[in-house]
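Subject: Structure handover

Hi,

Here is the structure I said I would pass on. Have a look, and my notes follow below.

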Amino acid sequence: MIVDVHNHTPRHRVAPEQTTAALDSKWRPDKAASTVHTWDEHVRALECVDRAIVFNIASDPRGDVPDDGQLIYETPRVNNDTAAFVQAYPEKFIGFLTVHPFSPDALEEIERGTQDLGLRGIKLGPNYQNFDPLGPEAFAVFKRAEELGLPILFHQGTSPVRFADLDFAHPRHIDRVATAFPNLKMILAHMGHPWQTDCYVVIRKHPNVYADISANFYRPWSFYNAMRIATEWAVLEKLLFGSDYPIVSPQETMDALWRVNDPIAGTGLPPVPIDPLERILHRNSLELLGLE
Ligand SMILES: [Zn+2]
């Protein structure tokens with residue numbers, strides 16, 4: 001069983017006649033990537049995994065955040081888009097809803113997303129959405145998520161978007177969230193890159209907090225270091241497989257796992273052990289998150 005915990009909902013059911021999908025080189029250092037894709041493209045790219053979690057990111061109701069990230073969709077019905085895609089492929093995909101903590105109907109949208117749309121967790125991006133993860137608005141969302149048993153996947157760490165404070169996505173803040181909501185299951189995306197060590201000290205002390213390995217391998221030296229440091233901090237068993245499709249495919253992410261020690265070939269540096277990487281790839285993340 002392979003579970004990919006980190007996918008972005010396709011923007012288009014079928015390819016639009018006039019495609020505006022531009023390849024953008026800001027997302028990853030090794031090649032240009034598009035954040036715009038179709039249902040078909042998504043299904044094909046995910047053939048190599050058994051299950052996957054998909055989500056959108058809700059826009060800011062204050063209206064002061066430009067969409068230069070191309071990950072925050074204009075439509076107010078972002079959760080409908082995720083639900084429609086998941087309902088077309090229910091054996092494969094699990095949908096998470098998204099809300100903006102500053103939205104006056106955030107808590108109602110959590111009810112609608114779970115009860116009417118069948119979505120089963122929450123995706124938040126404190127930097128993309130420009131909210132303080134320790135603020136009262138965010139805490140109201142966390143409280144409801146904990147009450148309803150909804151896991152939250154947070155974007156964590158770097159992003160090339162310009163408008164919001166990177167510190168909102170620093171994994172150290174999740175320590176206080178996890179202390180306040182000990183039963184809330186959380187995934188810290190991207191192992192908090194480039195703050196992987198800060199991410200590890202949070203996930204090691206909180207049993208319900210995990211991290212996903214998505215979007216790290218294409219910086220091979222950083223990825224080797226991150227996985228080696230995870231070995232030393234004994235958190236490899238808290239890491240979940242995730243790709244960040246469409247920016248990164250799950251196949252690329254799998255292939256890169258076995259190349260993690262390439263940067264130290266011919267040196268005396270300690271390797272990352274391979275057996276725990278096998279376990280990351282085959283971890284039943286749905287069970288850990290209470291989604292089975
Ligand atoms: Zn992502």
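Helix 3 (residues 106–116) packs its buried residues against helix 2 (78–88), strand 4 (97–98), strand 5 (122–124) and helix 4. Those buried residues are A106, E109, I110, R112, G113 and T114. After helix 3 comes G118, with a positive phi near 75°.

Before I go on, the ground rules. This is a predicted model, in which local features need pLDDT of at least 70 and side-chain atom pairs count only at pLDDT 80 or more, while totals for chains, interfaces and linings use all residues. Numbering starts from 1 along each chain as its sequence is written, and side-chain values use heavy atoms, with hydrogens and water left out.

Buried means under 20% relative accessible area, exposed over 50%, and partly exposed in between, with a 1.4 Å probe and protein chains only. Contact means heavy atoms within 4.5 Å. Helices (H or I, at least four residues) and strands (E, at least two) are DSSP runs, numbered from the N terminus. Two strands pair if DSSP finds at least two bridges between them.

L150 sits in the loop between helix 4 (136–148) and strand 6 (152–154). Is L150 buried or exposed? With a relative accessible area of 7%, L150 counts as buried. Setting aside neighbours within four places in sequence, L150 is in contact with I110, T114, R120, G121, I122, A145, L184 and K185. L150 and L97 are 53 residues apart in sequence, yet their C-alpha atoms are 9.8 Å apart in space.

Strand 5 and strand 6 pair in the parallel sense over three bridges, and K123 has L153 in strand 6 as its bridge partner.

Strand 7 (residues 186–188) runs parallel to strand 8, joined to it by three bridges, and V209 in strand 8 is the bridge partner of M186. In strand 8 (residues 209–212), V209 and A211 point one way, Y210 and D212 point the other, and all are buried. Strand 8 also runs parallel to strand 9 (residues 239–240), with two bridges between them, and D212 stands opposite L240 in strand 9. From strand 8 the chain crosses through helix 7 (residues 220–232) to strand 9 in a right-handed β-α-β crossover. Strand 7, helix 6 (residues 196–203) and strand 8 also make a right-handed β-α-β unit. Right-handed here means that, with the strands pointing away from the viewer, the path from the first strand over the helix to the second runs clockwise.

Three bridges pair strand 2 (residues 51–55) with strand 3 in the parallel sense, and I53 stands opposite I94 in strand 3.

**Cores**

A nonpolar core is a set of buried Ala, Val, Leu, Ile, Met, Phe, Trp, Tyr and Cys residues joined through side-chain atoms within 4.5 Å. The largest has 70 residues, of which M227 and L239 touch the most other members. Helix 7 gives the most to this core, with five residues. Not counting residues up to four places away in sequence, M227 touches M191, Y200, L236, L239, V260, V272, L277 and I280. Another core, of 14 residues, lies apart from it and includes L153, L240, L286 and L291.

**Zinc**

Which protein donors does the zinc ion have? They are H6 (NE2), H8 (NE2) and D244 (OD), lying 2.1 to 2.2 Å from the ion. Donors are N, O and S atoms within 2.8 Å of the metal (3.2 Å for Na, K and Ca), and water is not among the atoms, so sites may look incomplete. The donor spacing in sequence is H-x1-H-x235-D, and both H6 and H8 are buried.

Cheers
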